[in-house]
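Thanks for coming. I will talk through one model, starting with its aromatic rings and then moving to its pockets and strands.

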Amino acid sequence: MSHIALVTLVVADYDEALAFYTDKLGFELVEDTDRGDGSRWVVVRPAGAGAGAASLLLARAADDTQRASVGAQTGGRVGFFLHTEDFARDHTKMLASGVHFLEEPRHEPYGSVAVFEDLYGNRWDLLQPA
């Protein structure tokens with residue numbers, strides 16, 4: 001085993017999730033394949049991260065149990081960590097694109113960080129490690 005390739009994020013709608021991750025967070029679309037059964041294989045990753053980087057599989061909820069997990073996959077905890085090399089630039093850019101931050105930026109011994117929510121309420125850290 002060499003690395004984690006994909007993490008599934010259950011979403012309500014492919015297109016609205018894809019728009020959030022590409023337009024607001026600046027991720028790149030890696031793949032969007034119709035699976036022929038009404039579902040799609042939609043993969044995004046941070047722009048410029050490279051082919052070996054961990055990516056998100058945006059998977060549309062298919063039943064009531066999955067729909068109930070949209071936005072609550074980690075029970076309200078920060079479940080995703082987006083690293084940056086320029087916290088101030090990316091924080092400003094995300095604010096301008098309408099990303100909702102739950103706190104003001106903090107400067108901790110481990111780096112600069114602020115918690116934000118995706119379009120469904122999943123919590124993320126924007127983090128520039130020290």
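Phenylalanine 101 is buried, since its relative accessible area is 11%. Buried means under 20% relative accessible area, exposed means over 50%, and partly exposed is in between, with a 1.4 Å probe and protein chains only. Phenylalanine 116 is buried as well, with a relative accessible area of 0%.

Before going further, a word on the source. This is a predicted model, where local features need pLDDT of at least 70 and side-chain atom pairs count only at pLDDT 80 or more, while totals for chains, interfaces and linings use all residues. Residues are numbered from 1 along each chain as its sequence is written, and side-chain values use heavy atoms, with hydrogens and water left out.

Now the rings. A pair of aromatic rings is described by the distance of the centres and the angle of the planes. Rings of Phe, Tyr and Trp (its six-membered ring) pair if their centres lie within 6.5 Å; planes under 30 degrees apart count as stacked, over 60 as edge-to-face, and the rest as tilted. How many aromatic pairs does the structure hold? There are seven.

In one of them, tyrosine 21 and tryptophan 124 have ring centres 6.0 Å apart and planes at 50°, so the pair is tilted. This pair links distant parts of the chain, 103 residues apart: tyrosine 21 is in helix α1 (residues 14-24) and tryptophan 124 is in strand β9 (residues 123-129). Helices (H or I, at least four residues) and strands (E, at least two) are DSSP runs, numbered from the N terminus. Tyrosine 21 is buried, at a relative accessible area of 0%, and tryptophan 124 is buried at 4%.

Back to the two phenylalanines. The ring centres of phenylalanine 101 and phenylalanine 116 are 5.5 Å apart and the planes are at 50°, so this pair is tilted. Phenylalanine 101 is in strand β6 (residues 100-101) and phenylalanine 116 is in strand β8 (residues 111-117), 15 residues apart. Ring pairs link these residues into a cluster with others, including Phe20, Phe27 and Phe80.

Next, the pockets. On a 1 Å grid over the protein atoms alone, a pocket is an open set of points with protein on both sides within 12 Å along at least five of seven lines, and lining residues have an atom within 4 Å of a point. The largest pocket has about 330 Å³ of space. Its lining has 16 residues, and Leu25, Pro46, Ala47, His83 and Asp90 lie nearest the centre. Helix α3 gives the largest share of that lining, four residues.

The second largest pocket has about 230 Å³ of space. Among the residues that line the second largest pocket are Phe27, Phe80 and Trp124. The largest share of this lining, three residues, comes from β5.

Last, the strands. Two strands pair if DSSP finds at least two bridges between them. β5 and β9 run parallel and are joined by five bridges; valine 78 has arginine 123 in β9 as its bridge partner. β8 and β9 run antiparallel, with seven bridges, and alanine 114 stands opposite leucine 126 in β9. What do β8 and β9 form? They form a hairpin with five residues between them, and glycine 121 in the turn has a positive phi of about 105°.

Note on methods:
1 Å grid on protein atoms, 1.4 Å probe; cavity = no way out; pocket = protein on both sides within 12 Å on 5 of 7 lines; lining within 4 Å. Points joined across faces, edges and corners; volume = space filled by probe spheres on them.
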